[in-house]
Amino acid sequence: MKIGKRLLLILFTVLFSTTITFFVIRLMPGDPVETMAVNIHAGMGVSWEEAVEQAKARLNYDPDIPLAKQYISYLGRIVRGDLGESILRRAPVSEIIAEVLPWTLLVSSVALLISFFLGTLLGVYCGWKRKSLLNKLMTAYDSVIGSVPAFIIGFLLIILFSVKLGWLPMRGNYDTDLTPGWNSEFIASVAKHAVLPILTWVLTSVGGWALGMRALAVSVLGEDYIVSAKARGLRQRRIVSSYVGKNAILPQITQLAITFGSMFAGSVLVENTFNYPGMGYFFSSAISGRDYPLMQGMFLVLTIAIVLANQAAEILYSVIDPRIRIRGK
Amino acid sequence: MKRKNNIRALASDSEALARAYHVSKSSSKDSFFGFFRALGKNKSACFGAVILLIFFLTAVFGPFLIDADDMRSDMANKLLGPSAEHILGTDHMGRDTLKMIVYGAREVLTVAAITAVMTLVIATVMGMLAAFTKGVVNWLLNILIDVIMTVPSLPVMMLLSMIVKANNYFTFAFVLSVWSWAGLAKAIRAQILSVMTRDYISAARILGLPTRHIIFNELLPGITSYLTMNMIFTMRNSISSAVSLMFLGMADFSATHWGMMIQIAVSKTAAIYGSSALWYFLSPIAAIAIFGMGCFFFSHGLDEVLNPRLRTE
C-alpha cells in the first residue's frame, strides 16, 4: 500500500470512530441532556436552569446549536486533545485512560507473546507431521474453543483455579490492601492477578496461531527449496527451523500486530469476566452507565490503537520480507 | 467477396464461441454435482453435517415436544443437579434445563440464520459493487470496506446496542450483522474478479448477454459454494457475538436463548462458586460448543473439497 493511501485510511478510520460516537448521543432514544439534568437537579440541589447548563457542559452537547456546528466544534476539541470529563468518575477522560491503559497493555502483550510462540511452535510441528495425533487434537481443540466466546473460558478458569482450588484471585488487578509501588509484594500481587486473564487469552488464541502457522508451513513445504534441502540430506531440525519456520513465520509476524489491535476489542469480555480495570472494563461500564465522554474517549483510543497496530504490521512486513522490500523500490 | 468471407468467419466464430460457452458452462455444472459427491466422501463435512442436522431438527421440531406447563416456574425445585427427572438439572426458577435448551435452540438458530443471511446479502452486494464499479465510487467503497474491517465489531455492536434495542429477531440480527460483512465483502470481490477471468464469463460477455443475466446466471452460481461455507462460518461467529452481547447486558432477549441462560447463570445464581447451578451454567455452553464444532467441521470439509490443495492425503 502506498503511503498516501495508508495515511488516508488512518485518517478515515479515526474520523469515522469520532463520528459514530458523536451521533450515538444524538440518536439515543430520549434526551440525554434532560435525563442528566434531572439527576443533577435532584442530586446536587441546584436550580433546574443551572442543572441543564451543567448537563450540556458535561455532555459537550447542546441540542439548540445546529448539528454541523456542533460536529465541527466537537472535532476541534478532539484535535486539541480535550476528551472532556467523565460523568461517573468526575475526572478528565484522558486521565482515566492513562490510568487504565497500562493494565490492558500488560495483560494483552504478555498473553500475545506467550500464545504466539506456543502457537507457532505447535503449528510448525503439526505442518511438518501432518499425520500426528497432535495435529488432529489441534483441529478438534480449535473447533471447540473457537466457537465459545473468550469470557466463558475465563469463567471456567475461575471455577477451577479460584473457587475449587483457591490458588488464584478471581477479580481485580492487585490486592487492595497493598499500596502500589515497586516492591516485591505488590509486583507479586499484580502478577498473581494477571495470571487468569492471561491464561484465558492464551487458551483462546493459541489454536488460531497454530492453525495459521500450520497452513503456512504446509504451503512452504511444497516449495522447491524444501525438496532440494531434503535431497541435499539436510537434517530435519535444520529444515524445519531455518527453511520452513523462517519462511512461514513472515505473515504471522504481520498477524501479531493485527491481533494486538483486536485484543483491545476482546478485552471488553475478558476484563469484565475478571473485573480487571482496563480499557475494556471501563468501555463497557461507560456504555452501561451512559457516561458519554468516557465512552467517546475510550472508543477513540481503541480505534487509534488498532489502526496504528495494523499499519505497523504492514510496515514491519515490508521491512522483514526482502521480497516485498525489493519489489517496493 | 472479401466482406462476405469476413461475415462468414465472424458467424462461425460466434458459433464456436457459443459452443465454447455451453461446454465451459456445462462442465462447471458437472463439477457442481461432482462437488456434492466429493462432499459426501469427505469425513469432516459429513460429521459436521450430522451435527448441524441434529441442531436444525431440534430447532424446528423441539419446541412442539414441550408443553407450556414445563416452562412455568417451580420454585420448590430450583437449581437442582441432574436427576432421572431432570437430566440436566433445573434453573433458578425450577425449570428443566434440557427443555430450555431444546426450546432455545430455535431462538439461537433463528438469530444466527437471520444474521448470516443479512451479513451475506450485504457482503455480496458490496463485494459485487466493489468488483464492478470504477473511479471515485470504487475508491470510496474500498476505503469503506477497509475502515469497517479495521474497527473491530464488538465495540461497535456495543455502541449500536445503545441506539437499537436488540430485543427482537430483526433488530438483534441487524446489530450483529451491520459491522460484520466487510471481510467477507473483500473476499467475495476477490472471488468475483477471479471468476470473471474464466472462459464462460468472457464468452457470455462477448455473446452480448445482458449484465443481469451474467451476474445472476453465470457469476453467482460460480461462487455459491464459497458463500455457503462463509454462511456457516458467519452463523458460528454470530452466536459467539450474540452470547457476548448478552453477557455484557447489552441485549435483552428471551430467557431461553442460550446466551441469556449463561448470563442469568453468572449474574443471578452462584454457578461459578461451585453450587449445583453449575449444570445450569455448563449446559448452554456445551450446546454452543457442539454447534460451533459442527459448523467448524462442515465448513472445514467444504473448504477441503473446494481447495484440493488442502486435502491431506
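**View 1. Buried residues in chain B.** Of the 313 residues of chain B, 49% count as buried (under 20% relative accessible area, 1.4 Å probe, protein chains only). The model is predicted: local features need pLDDT of at least 70, side-chain atom pairs count only at pLDDT 80 or more, and totals for chains, interfaces and linings use all residues. Residues are numbered from 1 along each chain as its sequence is written, and side-chain values use heavy atoms, without hydrogens or water. Chain B exposes about 15,300 Å² (Shrake-Rupley method, 1.4 Å probe).

**View 2. The helices of chain B.** Chain B holds 11 helices and 0 strands. Helices here are DSSP runs of H or I with at least four residues; strands are E runs of at least two. Take contacts (heavy atoms within 4.5 Å) between residues of chain B at least 6 apart in sequence: 70% join residues at least 24 apart.

**View 3. Where chain B meets chain A.** In chain B, 41 residues are in contact with 50 residues of chain A. The area buried between the two chains is about 4,100 Å², with 82% from carbon and sulfur atoms. Buried area is the accessible area (1.4 Å probe) that two parts lose on being put together, summed over both. Five helices of chain B each supply at least two residues of the side that touches chain A: H4 (135–150), H5 (153–163), H9 (211–247), H10 (258–268) and H11 (278–306). H11(B) gives the largest share, 11 residues.

Terms used. Chains are lettered from A and ligands numbered from 1 in the order in which they are written. Buried means under 20% relative accessible area, exposed over 50%, partly exposed in between (1.4 Å probe, protein chains only).
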